[in-house]
Amino acid sequence: MLIRTSSQHPVQPSEITPRRVYERRRDIIRAAGAAALLPVAGAVAQPTPANLPPQKLAGRPSELSTGEPRTSYEDVTTYNNFYEFGTDKDDPARHAHRLRTRPWTVSVEGAVARPGVYDIEKLLALAPIEERVYRMRCVEGWSMVIPWLGYSFAELIRRVEPLGSAKYVEFETLADADQMPGLRSPVLRWPYIEGLRLDEAMHPLTLLCVGLYGEVLPRQNGAPVRIVVPWKYGFKSGKSLVAIRFVEKEPLTAWHLAAPREYGFYSNVNPDVPHPRWSQATERRIGDGGFLARKRKTLMFNGYADQVASLYAGMDLRRHF
Ligand code: MTE
């Protein structure tokens, strides 16, 4: 995601750094990180959240999964957007160990009959966990296939009983500068806010996500709980949620506030609606063989049109981009 700074660069952000250069850079960073971890005489290695073994989490297979080859765990957990930890793709993997994911609560507020503060353990136990392998498409022009773990967000919605006045759902991410160094930069208005229309939020594909690849969610991917909406550009999938609000008016979302002409509320993956600075007709699948690999055609609603197109019947999707 980039905020418009100049009209001189009509390139997709994914094209700015050739992947092989980026990967070499990652090797260098990794080597530097390993060197930094070498024991210093007299120092005792302390376990940190980053070097604790990952916690396993099982999920039953879901018929909503795609059978496409999965993006590697390495790419899924090191090529991230999580601006609270920095704007470079490897910043979240480098800095997110500072995030404390326990204790953690999510406040469910607004126009619901049963508002409340949910402890994360209670949220984890609310419904059976499924493995949902989803295609994900970033507005920057790259895509991945990720085996998420979680359950349909509708399970939670039904339990809190939205009132008739609830038309939208607003998602708020934690904003704590002690844990999130990226908050020192005003690149976005914090806290990060995202939103969905209530019927989009109720759609079975919309996932309350608590893990990936058989593990609890890594911090850089939005631990301990995030939303995943596979037919929309990735930025609609808010991470590390602390509040879920049922509201009457369309939420003012972080990216829309930052660049209203570039990021609309709906943000459905749509190859026919170019971003003002680049085409959205094609995408680069991460892991497809590097920078020179053939690009793929981007599909309407990211390939989920059969399931979701009816949500937008009668809407002009060029105007509601
Ligand atoms: N959520 C928060 N709180 N902050 C962010 O910067 N970035 C979004 C989205 N959710 C973001 C966020 C964007 S632009 C993308 S593409 C996805 O997270 C990336 O999710 P991933 O890193 O798990 O693939």
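This passage walks through the ligand site of a predicted model and then a few backbone details. Numbering starts at 1 along each chain as its sequence is written, and side-chain values use heavy atoms, with hydrogens and water left out. Because the model is predicted, local features need pLDDT of at least 70 and side-chain atom pairs count only at pLDDT 80 or more, while totals for chains, interfaces and linings use all residues.

The ligand has 17 residues around it, the closest being Asn80, Tyr83, Glu84, Arg226 and Lys239 (a residue is near a molecule if one of its heavy atoms lies within 4 Å of it). By class, this shell holds seven nonpolar, seven polar and three charged residues; here Ala, Val, Leu, Ile, Met, Phe, Trp, Tyr, Cys and Pro count as nonpolar, Asp, Glu, Lys and Arg as charged, and the others, Gly among them, as polar.

Polar contacts come next (pairs of N or O atoms within 3.5 Å; within protein, one must be able to donate a hydrogen and the other to accept it, and residues adjacent in sequence count only if both atoms are side-chain atoms). Arginine 226 puts a polar side-chain atom 2.7 Å from a ligand oxygen. For asparagine 80, the distance from a polar side-chain atom to an oxygen of the ligand is 2.8 Å, and an N or O atom in the side chain of lysine 239 is also 2.8 Å from a ligand oxygen. On its own the ligand has 540 Å² of accessible area, and the protein covers 97% of that (Shrake-Rupley method, 1.4 Å probe).

A polar atom of the serine 152 side chain lies 2.8 Å from the backbone oxygen of proline 204. Serine 152 counts as buried because its relative accessibility is 12% (buried is under 20%, exposed over 50%, partly exposed in between, with a 1.4 Å probe and protein chains only).

Two cis peptide bonds turn up in loops. One joins arginine 102 and proline 103, with omega about -10°; proline 103 is in the loop between helix 3 and strand 2. Another joins alanine 223 and proline 224, with omega about -5°, and proline 224 belongs to the loop between strand 9 and strand 10.

Glutamate 161 has phi near 55° and is partly exposed at 38%. Asparagine 302, with phi of about 60°, is buried at 2%.

Key
Helices (H or I, at least four residues) and strands (E, at least two) are DSSP runs, numbered from the N terminus.
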